[in-house]
Amino acid sequence: MNDLKRACSAFFKNCASSFSWEAFLCLEMQSFKLPPRLTNGDTIALVAPAKKLTSDVIDLAKHFLEEKGYSVWVGPNALKENGGFAGSDEERASDFQHALNDPSIKAILCLRGGYGSIRILNLLDFSFFRKKPKWIAGFSDITLFHSLLSNSFGLCSLHSTMPLDFSRNSPESLDSLIHTLKGKTLHYELPSSPKNRTGITSGILTGGNLSLLHNLQGTELDFNPKHKILFIEEVSESLYAVDRMIQSFKLAGKFDELAGLIVGGMTKVSDAGDWFSHRDLQDLILEATREYRFPIAFDFPAGHISDNRCLVMGRMANLVVGDQVSLNFV
């Protein structure tokens with residue numbers, strides 16, 4: 001946690017001279033800036049900012065994206081290994097920096113998550129990217145970049161599937177990624193989960209992986225909940241650990257001005273110690289938020305699941321939770 005805070009602080013000291021909180025606050029009630037849409041022939045960069053991977057992941061992604069009409073640039077260090085990482089911090093940062101700076105690259109798709117993005121953050125220079133923004137897409141460990149773009153630059157990004165999961169993804173999740181890159185506005189109409197809390201709200205979508213969001217508390221990347229619809233997802237955590245993170249959000253006042261809550265895949269979250277008897281995760285979230293009236297949509301198809309639909313972080317959305325769940329970006 002201390003390493004995370006030091007890395008974030010170092011990054012923000014480097015960009016403080018060009019960052020205006022006054023300008024950022026003006027964006028509070030409107031969508032953040034959308035990067036340009038992609039057209040046929042545009043180049044998408046494949047980079048590995050975190051955990052190592054195998055060549056078949058890249059081969060599948062190249063084939064898929066080229067079939068959709070895009071050119072593909074693969075970071076030259078993407079297949080390197082350094083312990084559990086896809087190369088050293090400097091090698092991973094070098095690929096990411098090239099993708100940020102190269103004007104011919106129109107989107108950056110992270111190959112996988114895992115752990116490691118935080119280690120390259122203060123090695124990256126976003127000066128050119130801020131002048132010529134492009135989509136950064138991924139999820140899980142890539143929550144770090146979503147938080148950075150939202151909380152530092154007022155830019156939208158894509159919480160989406162990644163090539164590691166392409167082979168098991170639903171057609172809907174892959175289509176939603178491509179449609180968003182092409183500039184289409186996403187509209188979701190989904191069945192309602194039995195324990196949803198009904199209501200209608202609007203707000204800027206924020207969030208990502210719950211553990212990452214929890215670890216970013218107290219750093220400059222921590223999210224401001226005011227007028228926000230928070231999305232959370234998690235994988236391979238014990239139920240008591242997830243409950244502790246939710247309770248810490250409550251103590252930090254994250255629910256006080258929240259507009260709405262969307263709960264995605266909570267994959268392999270188990271009550272191994274039998275801490276909560278017959279209560280499940282949804283019960284614990286409802287318990288932690290019972291004094292609030294914002295709507296809650298459970299079982300949203302996004303996260304560490306095969307049906308991992310694309311979400312535009314930083315974009316204004318309307319959320320209706322009733323007999324059906326409707327999420328419309330505006």
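**Figure 1. Two domains, side by side in the domain assignment.** The domain assignment of the protein gives domain 1 as residues 43–182 and domain 2 as residues 187–329. Please keep in mind that this is a predicted model. Taken over C-alpha atoms, the centres of domain 1 and domain 2 lie 24 Å apart. To the contact, domain 1 brings 27 residues and domain 2 brings 26 residues.

**Figure 2. The interface of domain 1 and domain 2.** On the domain 1 side, look for Asn-151, His-159 and Arg-168: they supply 27% of the area that domain 1 buries against domain 2, more than any other three residues. If you search for salt bridges across the interface of domain 1 and domain 2, the rule finds 0.

**Figure 3. An open sheet of 7 strands.** The strands follow the order S6-S13-S12-S7-S8-S9-S10, and their pairing is mixed. Strand S6 (187–191) and strand S10 (296–297) stand at the edges; each has a single partner strand, so one side of each is left without a neighbour in the sheet. As a reminder for the next views, strands of a sheet pair through backbone hydrogen bonds, in either the parallel or the antiparallel sense.

Figure 4. Strand S7 covers residues 199–209 and pairs with S8 in the parallel sense, over 6 bridges. A handy landmark here is Ser-202, which has Asn-318 as its bridge partner in S12.

Figure 5. S8 runs parallel to strand S9 (residues 260–267), and 6 bridges join the two. Within this pair, Ile-229 stands opposite Gly-260 in S9.

**Figure 6. From S8 over helix H10 to S9.** Helix H10 is made up of residues 239–251, and together with S8 and S9 it makes a β-α-β unit that is right-handed. The two strands of the unit, S8 and S9, are the parallel pair joined by 6 bridges.

Technical notes: Residues numbered from 1 in each chain as written. Predicted model: local features only at pLDDT ≥ 70, side-chain atom pairs only at ≥ 80, totals over all residues. Heavy atoms only, no water. Pairing = 2+ DSSP bridges. Helix = DSSP H or I, 4+ residues; strand = E, 2+ residues; numbered from the N terminus. Right-handed = clockwise from strand over helix to strand, strands pointing away. Domains from an automatic or database assignment. Contact = heavy atoms within 4.5 Å. Buried area = accessible area lost by both parts, 1.4 Å probe. Salt bridge = Lys/Arg side-chain N within 4 Å of Asp/Glu carboxyl O.
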